[in-house]
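This briefing is meant for someone meeting the structure for the first time. Please look over the sequence and the model below before reading on.

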Amino acid sequence: MKSKTTLPVSYRLAVTSRALAAVFGGYLIASLAAVCMALWLPTSRADAVVTGMMSSFVFYLLAVLWCFACRTAWRAWFGVMLPTAAFATLAGVGLWMART
Amino acid sequence: MKEGFRQAMAWLHTWVGLIFGWLLFAIFLTGTLAYFKDEITHWMQPEVQAHPLDDARSLAVAQAYLQQHAPDAARWFITLPNSRDPGLSVMWQDKLDPGKRGNFVQKVVDPVSGEAVLARDSKGGEFFYRFHFQLQMPHPWGRWLSTLAAMVMFVALITGIVTHKKIFKDFFTFRPRKGQRSWLDGHNAVGVLVLPFHLMITYSSLVIFMSMVMPAPIMASYGADTRAFFSEMFPATDNAPALGQPAPLQSLVPMYTQARAQWAGGQVGRLAVNNPGDVNASVNIFRAGSDRVAQDFGSMVSFNGATGELLRVGGGQSLPALIGGTFYGLHMGHFATPVLRWLYFICGLAGTAMIGTGLVMWLGKRQLKHARTGVMPYELRLVETLNIASMSGLLIAIGAFFWANRLLPASFAERSDWEVQAFFIAWGLSLLHAALRRGRWGWIEQLSCAALLLGAVPLLNAITTEQHLGVSLARGDWAMAGFDLTCLGSGVFLAWAAWKMRCRMAPQPTAERALGLNLTREAR
């Protein structure tokens, strides 16, 4: 934010890292959250899918805000990966149950 | 980013706003124009005459025309004239070769004489509508990019709200003639005033393309068979295949009457006739989107075309589908009456202004540091160039599009494409101009040029057609007159803006003003 000559390379790398976490990590969270809703909501199949898709963007938003609000870039990645893992597990169980 | 939450959000707001601001400005402005797309088309095709609406007559004319010109088509589509769009549009698709999509042919037919209208070839308002989500890029990249821009807009809105905590207090704060402060107050005031519109329009644009950008849940639930999802969502128009036995098509008018009775008098938007002239012909009558807020794509009545027998009444939505349809309907505004449509238009302009003021402010704040030396670093100069070209340049491009519509001869080959070319050529030239001219002069000259182009539209219309303001006002053709008057109004406003900028420039050198602002900041 200050004039460009004072910004060290490490700061720039950290911002890039946060941006990547926000864009790709955020999309991953949003997708997996939508998948979980599609598989677990007790409505008809099509309605669950629509609800999941419609609300996914809120998850995306929250992930992006987190990535830029937390203290370090590492925390940004950590904060993205944790819900990703949780949603992935939930989705995996849902898929497995649907198959059996 | 070691500061507090609000500072982090302000940082994010600033930078995503800058990077996507130019694109969002173009999307917002062209999308705003798209609220009047039928009216713009009417102005751009003045040959299409408006007649008093008579659906039964229009339908009979359309059927006779298609029977004569496309008896062997695979499919007919008929769009009836309505109060906004006077054209009776017929379209047909040639018989399908296996594995190939048949060609579509579209004609506008005069609902009284039954002859095809020889209107000049023009994309009309449809150009702005398409541009605002396809960005003149090959499918599907434009849709992806515009949806990404919508997501960025969503982030920018929410971070803007967080940054700007004193929403209601600041709403009543406007400090005019204070340079940078006034821009900030203006940015906040438009932002807050139409905040519900901004949130609605941004989120709904995500919802509209959700099955394209967020396909994972469909794949998780339906596997490879994603078509099953769409046929469950939009109950299939399971039309019977052609049998190859000829049978005359019944008159469409009684089916039309029956369909409207099913909807308690609701309006018909479009009719599709599959396999006309076959014993298995089917007629699908779709309800107009203007009937209610929530869009219901499944709201249709289906008939057997050869016997006239009612086959199916579709429609009725589950709650999630209703919510999705409401987002769609609110975004499109098909239901809006003239007053509400103008409100949509004004809200859209406010959104455009919010983005524009944000971009101006980003640059203004950083320019202050360099005001005394008078030398601007390369990146600020780049932002300035893009600011000028993306805002005033776009206005010039829009003006050039309208002028090309009136000046290109009707016989010109690929005429409608050349109108679009004119739009982009003008935009490109304004980018070049902005790169060559120094700051404020770039703004003043481009705003004056746009003011001239738009302000002279009524004059141009009077010279090139017989539909000038005197005629259109006397006949009560409000779409035609409204277009001329709106262009005139925009021209006057832009001229005022250019004049204002010029005045501001003369008495007060920029360095002095910058100093004043710095002093006030220190005093606080």
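In helix α11 (residues 226-233) of chain B, the buried residues are B:A228, B:F229 and B:M233, where buried means under 20% relative accessible area, exposed means over 50% and partly exposed lies in between, with a 1.4 Å probe and protein chains only. Because they cover an arc of only 130 degrees around the axis, these residues sit on the same side of α11(B), the arc being that of the directions from the helix axis to the C-beta atoms. The model is a predicted one, in which local features need pLDDT of at least 70 and side-chain atom pairs count only at pLDDT 80 or more, while totals for chains, interfaces and linings use all residues. Residues are numbered from 1 along each chain as its sequence is written, chains are lettered from A and ligands numbered from 1 in the order in which they are written, and side-chain values use heavy atoms, with hydrogens and water left out.

**Around helix α11 of chain B**

- The cover over the buried residues of α11(B) includes α2 (45-69) of chain A, together with α10 (216-222) and α13 (319-332) of chain B, contact being heavy atoms within 4.5 Å.
- Helices (H or I, at least four residues) and strands (E, at least two) are DSSP runs, numbered from the N terminus.

**Domains of chain B**

- The domain assignment of chain B gives domain 1 as 54-114 + 236-314 and domain 2 as 371-524, with bounds that come from an automatic or database domain assignment.
- Between the C-alpha centres of domain 1 and domain 2 of chain B there are 43 Å.

**The sheet of chain B and its helices**

- An open sheet in chain B is formed by seven strands in the order β3-β2-β1-β4-β5-β6-β7, with antiparallel pairing; two strands pair if DSSP finds at least two bridges between them.
- Its edge strands are β3 (104-109) and β7 (310-313) of chain B, each of which pairs on one side only.
- On average, and with direction ignored, neighbouring strands of this sheet are turned by 15 degrees against each other.
- Strand β2 (residues 88-93) of chain B pairs with β3(B) in the antiparallel sense over six bridges, and B:V90 has B:K107 in β3(B) as its bridge partner.
- Helix α3 (residues 55-69) of chain B packs on the sheet, touching β1 (75-79), β2, β3 and β4 (268-274) of chain B, and its direction makes about 30 degrees with that of β2(B); axes are lines fitted to C-alpha atoms, for helices over the stretch in contact, and angles run from 0 to 180 degrees between N-to-C directions.
- Helix α12 (residues 252-262) of chain B lies across β1, β4, β5 (282-287), β6 (300-304) and β7 of chain B, and runs at about 145 degrees to β6(B).

**Backbone details in the loops of chain B**

- The peptide bond from B:H139 to B:P140 is cis, with omega near -5 degrees, and B:P140 has its place in the loop between α4 (125-134) and α5 (141-163) of chain B.
- B:A264, in the loop between α12 and β4 of chain B, has a positive phi of about 55 degrees although it is not a glycine, and this residue is exposed, with a relative accessible area of 74%.
- B:N275, in the loop between β4 and β5 of chain B, is not a glycine either but has a positive phi of about 50 degrees; B:N275 is buried, with a relative accessible area of 15%.

**Cysteines**

- Over all chains the structure holds zero disulfides, a disulfide being a pair of cysteine sulfur atoms within 2.5 Å.
- The sulfur of A:C36 is too far for a bond, because the closest cysteine sulfur, in A:C67, is 19 Å away; A:C36 is buried, at a relative accessible area of 6%.
- The sulfur of B:C503 is likewise too far for a bond, with 20 Å to the closest cysteine sulfur, in B:C449, and B:C503 is partly exposed, at 36% relative accessibility.
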